[in-house]
Amino acid sequence: MSNPSLLILAGDGIGPEVMEEVKKIITWYGDKRDLKFDVSEDLVGGCAYDKHGTPLHDDTMTKAQEVDAVLLGAVGGPQYDSLDFSVKPERGLLRLRKEMDLFANLRPAQCFDALADFSSLKKDVVAGLDIMIVRELTSGIYFGEPRGIFEEGNERVGINTQRYTESEIDRVARAAFELAMKRNKKLCSMEKANVMESGILWREVVTEVGKDYPEVALSHMYADAGAMQLCRWPKQFDVIVTDNLFGDLLSDAAAMLTGSLGMLPSASLGAPMENGRPKALYEPVHGSAPDIAGQGKANPIACILSFAMALRYSFDLGAEAERLEAAIETVLADGARTADLLGPEGGTPISTSEMGDAIVAALEKSL
Ligand code: IPM
Ligand code: MG
């Protein structure tokens, strides 16, 4: 049997730096756990635009459709701000999500013990926090038609459309219920059924799907109240399912609860392929951080944890994912800190590659 295949799209800004550290981890698994991957690399985002005049070349799109999993770093940078909307770096990422039909975006927000002091919230509110946001990723206002900027009378009007079909809601709800079954059997669905018809439909369909999962305690919340509750007492939640735009906002808020955006991974999953594995793309929640790019300051943990999610969700290697997560916890407990993880007291940060090396060393000790 051939090795599972990975396509690495490191992208822009700190993407390539943090991805270097992921490659060390991939090499370690190949050498020490006999888990060999066929790795190929390509461009996405601004770097793809620089080379090809498009943020995602068709050949890259084809490759992404063929591999077992895509690992993505980050896209974007100020030098691309003035580009036409259609070729902005973000369009490359959105095209991947849409054409691979990655409808379920899993964004865990986990607070590592060693970092509980870092949250802007009180320690007891966040210590031990472990929630999972499931964000719908291929529909809603990000993709709905009509969209655009139009002339209307003597002024312009900007239009985007929130649109959800029943089947789009059904499939992401099922993904969320399945996850809830593997976790604490608690699911909260967030929309704004009080003002949006798409929210009313969302609530109805999620409730209907819930009948297939009688063991899961389902609740509903308006997304604004959900944002407030996430800040007030996040531990009341386990799995949250929500639409594309609310999920974008709520996952950033949830991320900050944990102390650092530099720590959070994500998985974007689609339907199963012929080999049974889901179409999948893994990426850190953080962006390309152009202000610190190329300085060895970036925290590679979110990207490395994204690879852990790949081990778990694409390759059914949950125990190896746990090994990697435990190695990261050990390294943090030992006091290793990249610059983003230094609290108000300061201290001496280690570099991106030193963090990667420390994690490899902890993996080595786990054998
Ligand atoms: C995210 C990002 C993206 C989004 C951008 C970069 C297009 O904010 O993944 O959360 O809005 O989905
Ligand atoms: Mg976002």
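Analyst: What follows is a set of questions and answers about this model, which is a predicted one.

User: What makes E90, R97, R107, R135, Y142 and D248 the surroundings of ligand 1?

Analyst: A residue counts as near a molecule if one of its heavy atoms lies within 4 Å of it, and E90, R97, R107, R135, Y142 and D248 surround ligand 1 in that sense.

User: Why is the approach of R97 to ligand 1 called a polar contact?

Analyst: The label requires a pair of N or O atoms within 3.5 Å. A polar side-chain atom of R97 lies 2.7 Å from an oxygen atom of ligand 1, and therefore the pair qualifies. For R107, a side-chain N or O atom is 2.8 Å from an oxygen atom of the ligand, and for R135 the corresponding distance is also 2.8 Å. As for cover, the protein takes up 74% of the 320 Å² of accessible area that ligand 1 has on its own.

User: How do you know that α11 and α12 pack against each other, and which residues make the contact?

Analyst: The axes of α11 (residues 318–333) and α12 (residues 352–365) are 8 Å apart, at an angle of about 120°, and the crossing is right-handed. Contact means heavy atoms within 4.5 Å; the residues that make it are R323, L324, A327, I328, V331 and L332 of α11, together with M355, A358, I359, A362 and L363 of α12.

User: What is the make-up of that contact of α11 with α12 by class?

Analyst: The contact has 10 nonpolar residues, no polar ones and 1 charged residue.

User: What makes the bond between E145 and P146 a cis peptide bond?

Analyst: Its omega is about 0°, and P146 lies in strand β6 (residues 144–152). Most peptide bonds are trans.

Technical notes: Residues numbered from 1 in each chain as written. Chains lettered and ligands numbered in written order. Predicted model: local features only at pLDDT ≥ 70, side-chain atom pairs only at ≥ 80, totals over all residues. Heavy atoms only, no water. Axes fitted to C-alpha atoms, helices over the stretch in contact; angles between N-to-C directions. Helix = DSSP H or I, 4+ residues; strand = E, 2+ residues; numbered from the N terminus. Left-handed = near helix turned anticlockwise from the far one by under 90°. Nonpolar A, V, L, I, M, F, W, Y, C, P; charged D, E, K, R; others polar. Polar contact = N/O pair within 3.5 Å; in protein donor to acceptor, adjacent residues only side chain to side chain. Areas by Shrake-Rupley, 256 points an atom, 1.4 Å probe, with all protein chains shown as cover.
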